[in-house]
Amino acid sequence: MAKIPDKTETIENVESPIFDPSKATEQVRAVVDQGVEQSKQAFSKLSSDAETTQKALQSTFEMAKTTGNEVSLKMIAALRDNAEAGFTHLEALVAAKSLSECIELQTAFLRKQIEKSAEQARSLQAAMMRASEDMSKPIKDVFEKALKERKAA
């Protein structure tokens with residue numbers, strides 16, 4: 001019978017890498033330091049973005065107050081003007097001497113009020129559009145800036 005060589009032979013001249021704990025500690029420290037630095041940068045960016053957003057919101061609220069007051073004053077002026085025109089018209093109707101004069105006064109008053117109402121509506125619509133644009137501008141600017149930064153990164 002042939003002899004089967006033993007599969008377990010010892011290798012005497014093979015070197016295994018030696019574990020150096022000081023190198024491992026340095027590597028771990030470097031990774032941790034890098035993680036801490038990245039965390040600081042992320043926190044700084046987040047803090048800056050939050051501050052920018054807060055300023056934009058504060059500006060938006062101030063603008064809302066200002067434009068809201070402007071629109072309210074325009075509405076009050078329109079209501080006052082319409083009330084004065086109505087009283088003036090009533091005085092003219094009371095002073096009318098005939099039915100035909102009353103009808104003529106009423107027709108002229110209604111035509112004038114319709115034209116005035118259309119002009120007031122256009123004026124209020126323009127004020128409301130300007131107000132909505134002014135109020136949304138700070139937030140829109142911050143959003144566009146953030147979007148550009150994200151695309152650049």
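Val32 counts as partly exposed because its relative accessibility is 44%, where partly exposed lies between buried (under 20% relative accessible area) and exposed (over 50%), with a 1.4 Å probe and protein chains only. Val32 sits in helix α1, which covers residues 21-95; helices here are DSSP runs (H or I, at least four residues, with strands being E runs of at least two), numbered from the N terminus. This is a predicted model, in which local features need pLDDT of at least 70 and side-chain atom pairs count only at pLDDT 80 or more, while totals for chains, interfaces and linings use all residues. Residues are numbered from 1 along each chain as its sequence is written, and side-chain values use heavy atoms, with hydrogens and water left out.

**Salt bridges**

- The structure holds five salt bridges, each defined as a side-chain nitrogen of Lys or Arg within 4 Å of a carboxyl oxygen of Asp or Glu.
- One of them joins the side chains of Glu51 and Lys55 at 3.4 Å, N to O, and these two residues are separated by about one helical turn because they are four residues apart in helix α1.
- Within that pair, Glu51 counts as partly exposed at 42% relative accessibility, whereas Lys55 is exposed, with a relative accessible area of 52%.
- Another salt bridge, between the side chains of Asp81 and Lys116, is also given as 3.4 Å, N to O, and this pair links distant parts of the chain, with Asp81 in helix α1 and Lys116 in helix α2, 35 residues apart.
- Asp81 counts as partly exposed at 33% relative accessibility, while Lys116 counts as buried at 17%.
- The side chains of Arg122 and Glu119 meet in a salt bridge at 3.1 Å, N to O, and both residues lie in helix α2, three residues apart, about one turn of the helix.
- Arg122 is partly exposed at 48% relative accessibility, and Glu119 is likewise partly exposed, with a relative accessible area of 45%.

**Ala126 and Val71**

- Ala126 lies in helix α2, which spans residues 99-152, and counts as partly exposed at 42% relative accessibility.
- Ala126 and Val71 are 55 residues apart in sequence, with a C-alpha to C-alpha distance of 9.8 Å in space.
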